[in-house]
Amino acid sequence: MGARSYYVYILASHIGGTHYIGVTNDLIRRVGQHKLKLVEGFTEKYDVVRLVYFEQFDDPENAIRREKRLKKWRRAWKISLIEKDNPDWNDLYPEIAAGGG
């Protein structure tokens, strides 16, 4: 059995818009659920479905710890984190869903 990966991800409604931070062990499935509005609540209500940032971890504890830490960050810090690797706030989902990420 191969090693399992865990992901912390940031979704956004649009450039500089509302964002959501989550953690999952299946990034493609989970972001797909958000995009199809299968996840009731915040992301559905505010149309927060653009995957703009993610990090991969080897164990769930570190992923959860990172998620909690990011959620406490100031908004400007989160925006800087996104824009460091994704300055145009491109939706990363099509690339990873196609196997490129």
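Biologist: Which residues does Thr18 touch, not counting residues up to four places away in sequence?

Modeller: Thr18 touches Leu11, Ala12, Ser13, Phe42, Tyr46 and Val48. Contact here means heavy atoms within 4.5 Å. One caution: this is a predicted model, where local features need pLDDT of at least 70, side-chain atom pairs count only at pLDDT 80 or more, and totals for chains, interfaces and linings use all residues. Residues are numbered from 1 along each chain as its sequence is written, and side-chain values use heavy atoms, with hydrogens and water left out.

Biologist: Where does Thr18 lie?

Modeller: In the loop between β1 and β2. Helices (H or I, at least four residues) and strands (E, at least two) are DSSP runs, numbered from the N terminus.

Biologist: Is Thr18 buried, exposed or partly exposed?

Modeller: Thr18 counts as partly exposed, at 30% relative accessibility. Buried means under 20% relative accessible area, exposed means over 50%, and partly exposed is in between (1.4 Å probe, protein chains only).

Biologist: What separates the C-alpha atoms of Thr18 and Ile82?

Modeller: 13 Å, with the two residues 64 apart along the chain.

Biologist: How many residues of β1 are buried?

Modeller: 7 of the 7, so β1 is largely enclosed by the rest of the structure.

Biologist: Which ones point which way?

Modeller: Tyr6, Val8, Ile10 and Ala12 point one way. Tyr7, Tyr9 and Leu11 point the other way. In a regular strand the side chains alternate between the two faces of the sheet.

Biologist: Now the core. Which members of the largest nonpolar core touch the most other members?

Modeller: Val8, Ile10, Val52, Ile82 and Trp89, out of 14 residues. β1 (6-12), β3 (50-57), α3 (60-72) and α4 (75-85) each give two or more residues to this core. The largest share, 4 residues, comes from β1. Apart from this core lies another, of 9 residues, among them Leu27, Val31, Val48 and Tyr93. A nonpolar core is a set of buried Ala, Val, Leu, Ile, Met, Phe, Trp, Tyr and Cys residues joined through side-chain atoms within 4.5 Å.

Biologist: What does Arg66 contact, leaving aside its neighbours within four places in sequence?

Modeller: Val8, Tyr53, Glu55, Phe57, Trp73 and Leu81. Arg66 lies in helix α3. At 15% relative accessibility, Arg66 counts as buried.

Biologist: Which side chain makes a polar contact with the side chain of Arg66?

Modeller: That of Glu55, at 2.7 Å. A polar contact is a pair of N or O atoms within 3.5 Å; within protein, one must be able to donate a hydrogen and the other to accept it, and residues adjacent in sequence count only if both atoms are side-chain atoms.

Biologist: Switching to helices. Which residues of α4 are buried?

Modeller: Lys78, Ile79, Leu81 and Ile82. They cover an arc of only 155° around the axis, which puts them on the same side of α4. The arc is that of the directions from the helix axis to the C-beta atoms. The buried residues of α4 pack against β1, β2 (19-24), β3 and α3.

Biologist: And in α1?

Modeller: In α1 (residues 27-35), the buried residues are Leu27, Val31, Gly32 and His34. They fall within an arc of 155°, so they line one face of the helix. What covers them includes β1, β2, α2 (42-45), β3 and α5 (93-97).

Biologist: Last topic, aromatics. How many aromatic pairs are there?

Modeller: The count comes to 5. The rings of Phe42 and Tyr46 have centres 4.9 Å apart and planes at 45°, so that pair is tilted. Rings of Phe, Tyr and Trp (its six-membered ring) pair if their centres lie within 6.5 Å; planes under 30 degrees apart count as stacked, over 60 as edge-to-face and the rest as tilted.

Biologist: Which residues do ring pairs link into a cluster?

Modeller: Tyr9, Tyr20, Phe42 and Tyr46. Phe42 counts as partly exposed, at 39% relative accessibility. Tyr46 counts as partly exposed, at 40%.
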